[in-house]
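Please examine the structure shown below with attention to charged side chains and to the packing of helices. A short report follows.

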Amino acid sequence: MTSTASTRPEDENLGVGANLAYGLQHVLTMYGGIIAVPLIIGQAAGLSSAEVGLLIAASLFAGGLATLLQTLGIPFFGCRLPLVQGVSFAGVATMVTIIGGDGTGGLSVVFGAVIVSSLIGLLITPLFSRIIKFFPPLVTGIVITTIGLTLMPVTARWAMGGNSQAADFGSTANISLAAFTLVTVLLLSKLGSASISRLSILLAIVIGTLAAMTLGMADFSQALQGPWVAMPEVLHFGAPQFQIAAILSMLIVIIVTMVETSADILAVGEIIDTKVDSKRLGNGLRADMISSALAPLVGSFTQSAFAQNVGLVAVTGVKSRYVVASAGMILVTLGLLPVMGRLVAAVPTAVLGGAGLVLFGTVAASGIRTLAQVDYRNNMNLIIVATSIGFGMIPIAAPSFYQHFPVWFETIFHSGISSAAIMAILLNLLFNHVRAGNSDQQSVFVAASERTLRYRDIAGLNEGDFFREGKLYDCEGKEVPIVDTDEEHVAGSALGKKRVEPVH
């Protein structure tokens, strides 16, 4: 059944059965990602398996409500596009840093920081179009890459067993189980069908857990104890605490999240061939921010669009926002089943370590892919990337590096994400916005590079062509138009018209 009244592709209604079937596919695609964040945060806070289960249930519940708001929308909130919302990976390293050694007390500080920074994000949404120019792919690529890299110690600890006080921490058995799970992910990705490949991480966790059970390395005896169905409890982990340094750290994460959400909204609009104007973009960002501000009340964290589900829309060609709204309903239902959270929390940590290597590595790889879009010719961008990522790695390589600095300073810069983001923003402003004093050959790497020309750079030249004052002329003195690579990509090459890329 299809709605005939609608003219927009996203407003097509496929009927209850199809909506639920395709919606379940969206949930399965992002399920591994949405449960990973509360698992990491819960373990960092030293929570029991039952309490980690509550965090997982809360994240499923909050993600479902955020998805419904984004897809169905209310006035001023929701872009009404097929976007699945869930807990954002962007804030994981920062939240783990905020928790520090304070345990559950640090969790209250995290909730307070998320609430305030999200409300600030809500307030700056109308001005975001002006701010976003300071977050080009150069900056966002650095931040996303650093997010993935700063999570590597987490997956290493998981692979070793998770609990450094346990007798089997770092044992051959734990690391072998992690390796088995990693190999399973890779085999499923290579040998499975397209649908199996997309679910390779989730399936590998299941297979790794079954292997652990046969070896006596998994204990699910506590998972079935406690309520099976329950509403998420408001402020179960205590009232939020508000600390300025933690809020500033999370604010950087929120701005990066807004950049990513903007990209996802524009991308899905292009994929389904529908118009996305500034009003619609603003409505989507406001839905993101209000969802993030309210999520901590039930025990969840920052919410954002899941990029893998944008990819799923492109792969399947199913454009209906009602399909994704159905996914939101499924997530809400799962959030009302704390037994599901307890089952996930009981998965052996070593299994998560094997899957996490790919999961977190994918985050870093996404950042590297973004950085590949950056122009490094005759500028300081390579130095900006090198310095920012190196600066972000300092607290990862030496966790006690800032221990003698003021507490507020340590909270901000002890996070590799915050360190890299602040350095990237400042250096981008210094070298790419404040151009006074910039030399013709800024980068020492560019200056030291051997000068080479690719064949495609000169293939369009004819005998007698010459350059003068930055322009190309043919042998008759007529100017030959030169197009930038990006312009050529958009416009395409016209038959019979000579086009030459700039020679470097």
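In this predicted model, D11 is buried, because its relative accessible area of 12% is under the 20% limit. The side chain of D11 meets that of R321 in a salt bridge. R321 lies in helix 14 (residues 321-335) and D11 in the segment before helix 1, so this pair ties together parts that are 310 residues apart in sequence. R321 also counts as buried, at 7% relative accessibility.

E10 takes part in salt bridges with R8 and with R280. R280 belongs to helix 12 and E10 to the segment before helix 1 (16-44), so their pairing connects parts that are 270 residues apart in sequence. Both R280 and E10 are buried, whereas R8, at 31% relative accessibility, counts as partly exposed.

| Salt bridge | Distance, N to O |
|---|---|
| R8 and E10 | 3.4 Å |
| R280 and E10 | 2.6 Å |
| R321 and D11 | 2.6 Å |

The structure holds 4 salt bridges, and a network of them links R8, E10, D11, R280 and R321. In general, side chains of opposite charge can pair when their charged atoms come close.

Helix 12 (residues 278-298) also packs with helix 2 (residues 49-72): their axes come within 10 Å and cross at roughly 155 degrees. The two helices are therefore roughly antiparallel, and their crossing is right-handed. Among the residues that meet are A58, A62 and L69 in helix 2 and G284, A287 and I290 in helix 12. By class, this contact has 8 nonpolar, 4 polar and 1 charged residues.

Notes:
Residues numbered from 1 in each chain as written. Predicted model: local features only at pLDDT ≥ 70, side-chain atom pairs only at ≥ 80, totals over all residues. Heavy atoms only, no water. Axes fitted to C-alpha atoms, helices over the stretch in contact; angles between N-to-C directions. Helix = DSSP H or I, 4+ residues; strand = E, 2+ residues; numbered from the N terminus. Parallel < 35°, antiparallel > 145°, perpendicular 65-115°, else oblique. Left-handed = near helix turned anticlockwise from the far one by under 90°. Contact = heavy atoms within 4.5 Å. Nonpolar A, V, L, I, M, F, W, Y, C, P; charged D, E, K, R; others polar. Buried < 20%, exposed > 50% of the residue type's maximum accessible area, 1.4 Å probe, protein only.
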